[in-house]
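Take a slow look at the chain below. Then read on, one region at a time.

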Amino acid sequence: INRRVHGGFNCVFSFSSPMKLLSIVLYKWQEDAPLALASGFELSSFSFFQRKVVREHLTFASRTICGRTHPGQRSTVTLENNIGQCHVYVPPSGIACAAITDNEYPQRVVFSMMAELVRLFCEQHPPRTFDGASADLALDFPPLQDYLARYQNPMEADKLMKVQKDLDEVRDIVTKSIDQVLARGETLDSLMQKSNDLSSVSVDFYRRAKKTNQCCQLY
């Protein structure tokens with residue numbers, strides 16, 4: 001099932017040019033709290049001083065949305081104010097992949113990339129290497145950085161992968177607001193307060209940006 005979720009998932013970063021792939025994270029899926037197994041970030045378009053905050057917010061968004069995507073589902077959550085999209089693929093194996101791109105990035109290509117990364121990861125890391133994990137890991141997985149670099153140009157990557165054009169048709173899309181993504185009584189602010197992915201600096205940064213309505217002008 002493909003599920004495209006549109007709505008107000010607020011954050012404090014934005015993209016200055018099209019076709020960006022900012023992050024890929026592979027998770028051991030658990031509802032609400034998936035554990036990161038391997039991750040990669042491409043933040044060269046941000047200044048050195050912004051990268052820590054941006055990385056924390058990317059990590060927070062990826063983990064939150066992954067934990068709300070159930071096994072057997074593919075989700076695309078559109079972040080507020082055209083900030084970008086978080087794509088999540090959770091196959092029945094329980095090894096999930098989340099990628100954050102700009103809004104122009106082809107959905108067909110990013111899901112093909114994630115499916116291939118999950119396949120390669122499962123080949124290189126049998127479940128016994130992480131079954132007992134209770135916290136995030138940083139497993140050695142060289143293809144992740146390779147794909148992060150290769151897929152910065154989705155059109156060239158698409159040619160290499162020979163993705164069939166008919167996959168461009170995305171079916172069974174369910175459109176939801178952020179209120180439907182969050183559990184009853186939840187707010188984004190309350191999730192940020194409880195998250196271990198965000199430092200107090202990042203939370204304060206988000207609040208100041210939200211208060212002055214500058215979420216899309218700060219980067």
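**A walk through the fold**

Start at Arg-51. Leaving aside residues up to four places away in sequence, Arg-51 touches Leu-43, Ser-44 and Phe-46. Here, contact means heavy atoms within 4.5 Å. Arg-51 sits in helix H1. At 31% relative accessibility, Arg-51 counts as partly exposed. The cut-offs are these: buried is under 20% relative accessible area, exposed is over 50%, and partly exposed lies in between, with a 1.4 Å probe and protein chains only. Phe-41 is ten residues from Arg-51 in sequence, and their C-alpha atoms are 9.8 Å apart in space.

A word on the source. This is a predicted model, in which local features need pLDDT of at least 70 and side-chain atom pairs count only at pLDDT 80 or more, while totals for chains, interfaces and linings use all residues. Residues are numbered from 1 along each chain as its sequence is written, and side-chain values use heavy atoms, with hydrogens and water left out.

Now step back to the whole protein. It holds seven helices and six strands. Both are DSSP runs numbered from the N terminus: helices are H or I with at least four residues, strands are E with at least two. Along the sequence the pattern reads β-β-β-α-β-β-β-α-α-α-α-α-α. Of the 219 residues, 51% are buried. Take the contacts between residues at least 6 apart in sequence: 67% of them join residues at least 24 apart. The protein exposes about 10800 Å², and carbon and sulfur atoms supply 50% of that. Such areas come from the Shrake-Rupley method with a 1.4 Å probe; for residues, only the protein chains shown count as cover.

Return to helix H1, residues 51-66.

Helix H2 covers residues 107-124. Its 18 residues should span 26 Å at 1.5 Å a residue, and its end C-alpha atoms are 26 Å apart, which agrees. Because 13 of the 18 residues of H2 are buried, H2 is largely enclosed by the rest of the structure.

Next, the strands. Leu-26 lies in strand E2, residues 21-28. Is Leu-26 buried or exposed? Its relative accessibility is 0%, so Leu-26 counts as buried. Its contacts, not counting residues up to four places away in sequence, include Leu-35, Ile-95, Val-118 and Phe-141. Cys-97 is another residue that Leu-26 touches. Leu-26 and Cys-97 are 71 residues apart in sequence, but 4.5 Å apart in space, C-alpha to C-alpha. Gln-85 belongs to strand E5, residues 85-90. With 5% relative accessibility, Gln-85 counts as buried. Tyr-105 is 20 residues from Gln-85 along the chain, and their C-alpha atoms are separated by 8.7 Å.

Finally, look for empty space. Rolling a probe the size of a water molecule over the atoms shows where such space is left. The largest pocket holds about 350 Å³. Of its 17 lining residues, the closest to its centre are Asp-32, Ala-33, Arg-63, Ser-195 and Asn-196. A pocket, on a 1 Å grid over the protein atoms alone, is an open set of points where a 1.4 Å probe fits, with protein on both sides within 12 Å along at least five of seven lines; lining residues have an atom within 4 Å of a point. Grid points are joined across faces, edges and corners, and the volume is the space filled by probe spheres set on the points. H1 gives the largest share of the lining, three residues.

Asp-32 is found in the loop between E2 and strand E3 (35-41). At 47% relative accessibility, Asp-32 counts as partly exposed. Asp-32 has a positive phi of about 70°, although it is not a glycine. Most residues other than glycine have a negative phi.

Note on methods. Expected span 1.5 Å × (residues − 1).
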